[in-house]
Amino acid sequence: MTPFFTATNITKLRPDGSTLFKNVSISLERGDVLALRGPSGVGKTTFLKCLAELITHEAGTTMLDGKTSSEVGVPVWRSKVMYVPQRPSAHTGTPMDLFHQATKYASQSKKKNLGDPIEFGIEWGLSDSHFHENWSTLSGGEMQRASLAVALALLPEVLLLDEPTSALDPESTLLVEKTLKKYTCVWITHSTDQADRVATQTLTLGRGRKGSAAVVEGNGDANANGQAIDQVAVAIGEAPTAVY
Ligand SMILES: Nc1ncnc2c1ncn2[C@@H]1O[C@H](COP(=O)(O)OP(=O)(O)OP(=O)(O)O)[C@@H](O)[C@H]1O
């Protein structure tokens, strides 16, 4: 059976031509949560942006439900494989303004029965009024939850989450995790505890021998869902291999 979401041999060069990561592959079934780990600067955010087709990559293929991003079309792909940044960029207006603006994009217009960001927000301790206040008046944690709520209401099929709870207190973190782990996610986290709570797979990017390429390794721990699916992939230097 074709996996739900795959990225195969994704390779990304830095602007100076050196390798940021090479031949990184992932494979997710519906409902899988892949915890993406690794030291600061190793390329985790850049990898998510490649998966979302927000930036180009030098080699490799991404597929959703058996179709490549070119077959789906990049704007529609981005609406299905949705990157949620750690900090929302400086939006003007309110979270509801952003939601209404996004629903007008052609890529979103075919989606039926969009969700309600406020309903997600209320599950996470926000109130209706937070969605009608300007972004600039929200706290970091409110902003992070409001932007996640807007993303979920747009019915993504795969969520690419860049440290989605980094600004939240422990209680809100658990509430948000409870919702997000029902989705198919690639989830950057620096927290081993969080990875244990949410992940069905783990992928760790590390520094390669040359200090530039990425080493990727899985960990063998069973996670909270009891579904330890390990990935061991090595993508270093000139002889990349991937072992699953
Ligand atoms: N669009 C791009 N094209 C090529 N290289 C990039 C691009 N954006 C960032 N990089 C490179 O990727 C490196 C890693 O950045 P990235 O934000 O992906 O790391 P990270 O692992 O997510 O770090 P952190 O944990 O601190 O958020 C940067 O130092 C930069 O050299």
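Predicted model: local features only at pLDDT ≥ 70, side-chain atom pairs only at ≥ 80, totals over all residues.
## Reading helices, pockets and buried residues

User: Which residues line the second largest cavity?

Analyst: Rolling a probe the size of a water molecule over the atoms shows where empty space is left. Here the lining consists of Val 84, Pro 85, Gln 144, Ser 147, Leu 148, Leu 161, Asp 162 and Pro 164. Helix 7 and strand 7 (158-162) are the elements that give two or more residues to this lining. By class, the lining has 5 nonpolar, 2 polar and 1 charged residues (Ala, Val, Leu, Ile, Met, Phe, Trp, Tyr, Cys and Pro count as nonpolar, Asp, Glu, Lys and Arg as charged, and the others, Gly among them, as polar). The space in this cavity is about 30 Å³, a volume being the space filled by probe spheres set on grid points joined across faces, edges and corners.

User: What is a pocket, and what is a cavity?

Analyst: On a 1 Å grid over the protein atoms alone, a cavity is a set of points where a 1.4 Å probe fits but cannot get out, and a pocket is an open set with protein on both sides within 12 Å along at least five of seven lines; lining residues have an atom within 4 Å of a point. In this structure, the largest pocket holds about 650 Å³ of space. Its lining has 23 residues, and those nearest the centre are Met 82, Tyr 83, Ala 102, Tyr 105 and Leu 154. Strand 6 gives the largest share of that lining, 4 residues. By class, the lining of the largest pocket divides into 15 nonpolar, 7 polar and 1 charged.

User: And how many residues line the second largest pocket?

Analyst: There are 13, with Thr 165, Ser 166, Thr 189, Ser 191 and Gln 194 nearest the centre. The volume of the second largest pocket is about 150 Å³. Its lining has 4 nonpolar, 7 polar and 2 charged residues, and helix 8 gives the most, with 3 residues.

User: At what angle do helix 7 and helix 8 cross?

Analyst: Two packed helices are described by the angle between their axes and the distance between the axes. The axes of helix 7 (residues 140-153) and helix 8 (residues 170-180) come within 12 Å and cross at roughly 10 degrees. Helix 7 and helix 8 are therefore roughly parallel to each other (angles under 35 degrees count as such). Arg 145, Leu 148 and Leu 152 of helix 7 meet Ser 172, Val 176, Thr 179 and Leu 180 of helix 8, where contact means heavy atoms within 4.5 Å.

User: Is Leu 48 buried or exposed?

Analyst: Leu 48 counts as buried because its relative accessibility is 0% (buried means under 20% relative accessible area, exposed over 50%). Leu 48 sits in helix 1 (residues 44-51). Beyond its neighbours within four places in sequence, its contacts are Leu 36, Tyr 83, Leu 160, Leu 161, Asp 162, Val 186 and Ile 188. Across the protein, buried residues make up 50% of the 244 residues.

User: How many helices and strands are there?

Analyst: The protein has 9 helices and 13 strands, where helices (H or I, at least four residues) and strands (E, at least two) are DSSP runs numbered from the N terminus.

Terms used: Residues numbered from 1 in each chain as written. Heavy atoms only, no water. Axes fitted to C-alpha atoms, helices over the stretch in contact; angles between N-to-C directions. Parallel < 35°, antiparallel > 145°, perpendicular 65-115°, else oblique. Buried < 20%, exposed > 50% of the residue type's maximum accessible area, 1.4 Å probe, protein only.
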